[in-house]
Amino acid sequence: MLENPPPCPKCSCEYTYEMNALVVCPECAHEWAPGEAGAEEGQRVVKDAVGNVLRDGDSVVVVKALKVKGSPSGIKAGTKVRNIRLVDGVDGHDIDCKVDGFGAMQLKSSVVKKG
Ligand SMILES: [Zn+2]
């Protein structure tokens, strides 16, 4: 249990209370899970290989060579990827993007660096 549930992110009401794993606001009936980074926005925080927070629309650089099914060369380290989209992907693949020469694919945030 939290001693002081955080104030409501929607209406700033301070009289929130815990119910099961959620914090509930009595003013606007908003419910959310506390204790997660970025929970105020209702979003996860996705970080790159060195800890920069990534956002939709960012450009990143792949920091290690990646094997790609059907491609003899794969994605090389240093490949630039523009306009990423953060997703709740399968198996830790939390970036949806288009890679030049490869097309749409999903990457793990741990193999890219904001750049
Ligand atoms: Zn509220």
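1. Asp96 and Arg85 are joined by a salt bridge, 2.9 Å from N to O (a side-chain nitrogen of Lys or Arg within 4 Å of a carboxyl oxygen of Asp or Glu). Asp96 sits in strand β9 and Arg85 in strand β8, 11 residues apart (strands are DSSP runs of E, at least two residues, numbered from the N terminus). Arg85 is partly exposed, at 45% relative accessible area (buried is under 20%, exposed over 50%, partly exposed in between, with a 1.4 Å probe and protein chains only).

2. Keep in mind that this is a predicted model, where local features need pLDDT of at least 70, side-chain atom pairs count only at pLDDT 80 or more, and totals for chains, interfaces and linings use all residues. Residues are numbered from 1 along each chain as its sequence is written, and side-chain values use heavy atoms, leaving out hydrogens and water.

3. The count of salt bridges comes to 3. Asp58 pairs with Lys114 at 3.6 Å, N to O; they lie 56 residues apart, Asp58 in the loop between β5 and β6, Lys114 in β11. Asp58 is buried at 16%, while Lys114 is partly exposed at 35%.

4. Asp100 and Arg82 form a salt bridge too, with their closest N and O atoms 3.5 Å apart. Here Asp100 is exposed at 57%, and Arg82 is also exposed, at 51%.

Key:
Helix = DSSP H or I, 4+ residues; strand = E, 2+ residues; numbered from the N terminus.
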